[in-house]
Amino acid sequence: MDYRHPFIKNPRLSISYGVSWMIASMLLVLIATFVNNMSFGLAIKEIFTFMMLFAVIGAAIWYVIKFSTLEDNSIFRITLAHLFAATIIVFIWLYTGVVIIKLVHPNAEFWMEQTLVNRLMMGYGLYIINVIFFYAVNYYYAFKEKSKNETKLKGLVKEAELHALKSQINPHFLFNSLNSISSLTMTDPAKAQEMVINLSQLMRYSLKHEQSEKVSLKQELENNKLYLSIEKVRFGSKLNPVFAIEENCLKAQIPNMILQPLYENAIKYGVYEATEPVDVITHVRCSDEILEVTISNSYDTNVVSKKGEGIGLRNIRDRLQVIYANPHLLKIENKKNEFTVTLTIPQKVK
C-alpha cells in the first residue's frame, strides 16, 4: 500500500489546494473589509495568517483518513478518531495563529476579539472541509488504481483466452493434416513425405507467431497456401485454390492462424465429397479502415453434408470478440450451391 501523501505524488494537486485556500482567504478579506469595516491591510495579515496556517496544518488530515478507513473500522471509531484529530489540529492552529499574529501585528483586534466558541466552530468547520476534500482525493486515487488493475487484469484474461483459442486451433489442423498423411502412406509414400515436409513448415510458422497476435496478410496467406498445398497432395485436381488479391492489401494486419479454419471448412464441406473440381476462391480488398477477406467454394447439394461441431468457425468468432470486441465481423452466406464466408478485419483499432 502506498502511504505517500497525495501532495507528494501529485504536485499539481498541492498547487490547486494552495490556490483554493488563497482564493477563500481573499473572499474572507473582502467580507471583513466591506462588511465588518476592518482595514484592508489588517484583514490581509490576520485572515491570511490563520487561513494559510490551517491549509498547512490541515494537510495532515489525510493521514487520519488513510489510517481510519471504513473497511477496517466501524463508523463510531472513525468518528472518534476524527474528533480527537480535529481537537488536536484546531488547538495547534489557534495557538500557533495567535502567536504569529501577535508577533506580526501586536495591535491586531479582529481575530483577538472573536469569542473562543466562534474560533473553535470555524476551526472544526475548516477541518470538515478538509476531510471532505481528502475523502474525495482518496476516492479518486482508489478509483484510478482500481481501473488500472482492471485494465491489467483484462489484458491478462485476454491473453489467456487467445492462448486457449490457439491451443484449440493447432491440434485441430494438425489432426486433419496427420489424417491426410496417414491416408497416403500406403498408397503414395512420396506424396506423404511431401506432406510431412510442408506440415513441418506449417508448424514452424505456428510456433514462430505464437506470441504475436497479428501478422501481415502476406504472411498469413503464405502460411495458408502451404496448408492448401498439403491438401492439394491429398485431393489432387479436385482442389483448385484461386486467389484474387489487391496488391495494396498485403501489408494489412490480420490475426494469425485465423484464415486456416475457413479453408479447412471449405475443403471439408466442399471438396471432400465432390466428384468435380472445386474452386476455393479467395477475394481480398481493403481500405484504410478495413480489410475484407472473402472465401467461397461450391459444393454438391445432392451430397449429405457432414455433421460437425463447427469448432473452427466458433473459434474465429471467439477470437474476434477477444481482439476486436465484435464477434459479428464474420459473416456466412449459404446459397444454392455456394458457401461464402466474409471476414472483416478493422485496420484502425482505438
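User: Why does K336 count as exposed?

Analyst: Exposed means over 50% relative accessible area, buried means under 20%, and partly exposed lies in between (1.4 Å probe, protein chains only). K336 has 76% relative accessibility, so this residue counts as exposed. The model is predicted: local features need pLDDT of at least 70, side-chain atom pairs count only at pLDDT 80 or more, and totals for chains, interfaces and linings use all residues. Residues are numbered from 1 along each chain as its sequence is written, and side-chain values use heavy atoms, with hydrogens and water left out.

User: Where is K336 found, and what is K336 in contact with, leaving aside neighbours within four places in sequence?

Analyst: K336 is in the loop between β6 (330-334) and β7 (338-346). Helices (H or I, at least four residues) and strands (E, at least two) are DSSP runs, numbered from the N terminus. Contact means heavy atoms within 4.5 Å. Apart from neighbours within four places in sequence, K336 is in contact with Y299 and T301.

User: What makes C249 and C286 a disulfide?

Analyst: A disulfide is a pair of cysteine sulfur atoms within 2.5 Å. The sulfur atoms of C249 and C286 are 2.2 Å apart, and the two form a disulfide. The count by this rule is one disulfide. C249 lies in the loop between β2 (239-245) and β3 (253-255), and C286 in strand β4 (residues 278-286), so the pair, 37 residues apart, links distant parts of the chain. Both C249 and C286 are buried.

User: How do you know that β4 pairs with β2 and with β5?

Analyst: Two strands pair if DSSP finds at least two bridges between them. β2 and β4 have seven bridges, in the parallel sense. β4 and β5 also have seven bridges, in the antiparallel sense.

User: Which residues touch the most other members of the largest nonpolar core?

Analyst: A nonpolar core is a set of buried Ala, Val, Leu, Ile, Met, Phe, Trp, Tyr and Cys residues joined through side-chain atoms within 4.5 Å. The largest has 47 residues, and I254, L259, L262, L291, L320 and L343 touch the most other members. Its largest share, eight residues, comes from α8. A second, separate core of 35 residues includes I47, F50, M51 and L53.
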